Amino acid sequence: MTEHLLDPAGLGFGSSGEHELQRQMGTSDRAADFYRRQVRPCLTQQMREFVARQTMVFIATADGHGACDASFRAGPPGFVQVLDDHTLAYPEYRGNGVMASAGNISENPHLGLLFVDFTGDRIGLHINGTAQLRPDTAMRTAYPELPEETAPGRRAELWVRLSVDEAYIHCSKHIPHLQPVPAGTRLSRERPRDPDYFTGTGTPPPHGAEPAPEEAAPIAPPVSPPVAPPSWARPPAAAAAAAARRSWRLVRRREA
């Protein structure tokens, strides 16, 4: 009975948490059917061919306390190497030095990959498994068929080697259809530089430091109301009226 509750499909897929929610929401039969039809413990031929065509992948990791992180990797088709039906590997290049994903894997080897084809078949593939960090030299010793450069001009410092636990479809229902821009398309000149895009140009204060007080905006001088010209510069009202009468008489004479 307990075994059935933890795995209603009897195939070993899914967590106890999702199975419990399926039971509460009344979706256990539908979920069991999905496990039977779609989830595989290794990569099928179609899955291997799909991965070999992809130029991007989203990755999910968590540290030893369960704090999670999502990231993104990209490269030419095949930058994620299919080593066999149960094994994938992708390169880690020199980046910003944070090593967030690799650091999490060093504490917690569970890794989730999501490949999405936005431009062609509009379909996705989830691959979950157990990861190891391997130096480039060790990977090439174990797998001499690895290409020297997985991306033009770049060589991996580390590899993430994934032993596949499960792989399954992400359906096309809500995947947008995207069109790649032509090669060489430039970014807008108004676009901020990457380091400033979300943080602005200022340098953040050290952690725990009091933020510097904001400088007060300069106070604009008060705007004075328009000043009427002095009386000596204004024609007397009587003179102005006489000038208007003379102009009117001139017009009447012309009309006569």
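Colleague: Let's start with Phe72. What does it count as, going by relative accessibility?

Modeller: Partly exposed, because its relative accessibility is 40%. The scale is: buried under 20% relative accessible area, exposed over 50%, partly exposed in between, with a 1.4 Å probe and protein chains only. Keep in mind that this is a predicted model, so local features need pLDDT of at least 70 and side-chain atom pairs count only at pLDDT 80 or more, while totals for chains, interfaces and linings use all residues. Numbering goes from 1 along each chain as its sequence is written, and side-chain values use heavy atoms, leaving out hydrogens and water.

Colleague: Fine. How many aromatic pairs are there?

Modeller: The rule takes rings of Phe, Tyr and Trp (its six-membered ring) with centres within 6.5 Å; planes under 30 degrees apart are stacked, over 60 edge-to-face, and the rest tilted. That gives 3 aromatic pairs. One of them is Phe58 with Phe72, which is tilted because the planes are at 50 degrees, with the ring centres 5.5 Å apart.

Colleague: Where do those two sit in the chain?

Modeller: Phe58 is in strand β1 (residues 56–62) and Phe72 in strand β2 (residues 68–74), so the pair links distant parts of the chain, 14 residues apart. Helices (H or I, at least four residues) and strands (E, at least two) are DSSP runs, numbered from the N terminus. Phe58 is partly exposed too, at 32% relative accessibility.

Colleague: What about Tyr197 and Phe198?

Modeller: They make an edge-to-face pair, 4.9 Å centre to centre with 65 degrees between the planes. Tyr197 is partly exposed at 43% relative accessibility, whereas Phe198 counts as exposed at 78%.

Colleague: Let's zoom out. What's the order of elements from the N terminus?

Modeller: It runs α-α-α-α-β-β-β-β-α-β-β-α-β-α, with 7 helices and 7 strands in the chain. Of its 256 residues, 28% count as buried.

Colleague: And how do the strands line up in the sheet?

Modeller: 7 strands form an open, antiparallel sheet, in the order β2-β1-β5-β6-β7-β4-β3. To pair, two strands need at least two DSSP bridges between them. β2 and β3 (81–84) are the edge strands, each pairing on one side only. Neighbours in this sheet are turned by 35 degrees against each other on average, ignoring direction.

Colleague: What's going on around β5?

Modeller: It's largely enclosed by the rest of the structure, because 6 of its 8 residues are buried. β1 pairs with β5 over 3 bridges, antiparallel, and Ile59 stands opposite Leu113 there. Towards β6, β5 has 8 antiparallel bridges; Leu113 has Ile127 as its bridge partner in β6, and His110 stands opposite Thr130.

Colleague: How many residues are in the turn between β5 and β6?

Modeller: 5 residues lie between them in that hairpin, and Arg122 in the turn has a positive phi of about 50 degrees. Arg122 is also 9.1 Å from His174, C-alpha to C-alpha, though they're 52 residues apart in sequence.

Colleague: Where is His174 found?

Modeller: In the loop between β7 and α7 (237–255). His174 is exposed, with a relative accessible area of 69%.

Colleague: What does β7 pair with, then?

Modeller: On the β6 side, 12 bridges join β6 to β7, and Trp159 in β7 is the bridge partner of Arg134. Strand β4 (residues 87–92) is joined to β7 (residues 158–170) by 6 bridges, also antiparallel, with Thr87 partnered by Ser163.

Colleague: Switching to helices. At what angle do α2 and α3 pack?

Modeller: At about 135 degrees, with the axes of α2 (residues 16–25) and α3 (residues 28–38) 8 Å apart. Axes are lines fitted to C-alpha atoms, for helices over the stretch in contact, and angles run from 0 to 180 degrees between N-to-C directions. That makes α2 oblique to α3: under 35 degrees is roughly parallel, over 145 roughly antiparallel, 65 to 115 roughly perpendicular, and the rest oblique.

Colleague: Which residues make the contact?

Modeller: Glu18, His19, Gln22 and Arg23 of α2, and Ser28, Ala31 and Tyr35 of α3, where contact means heavy atoms within 4.5 Å.
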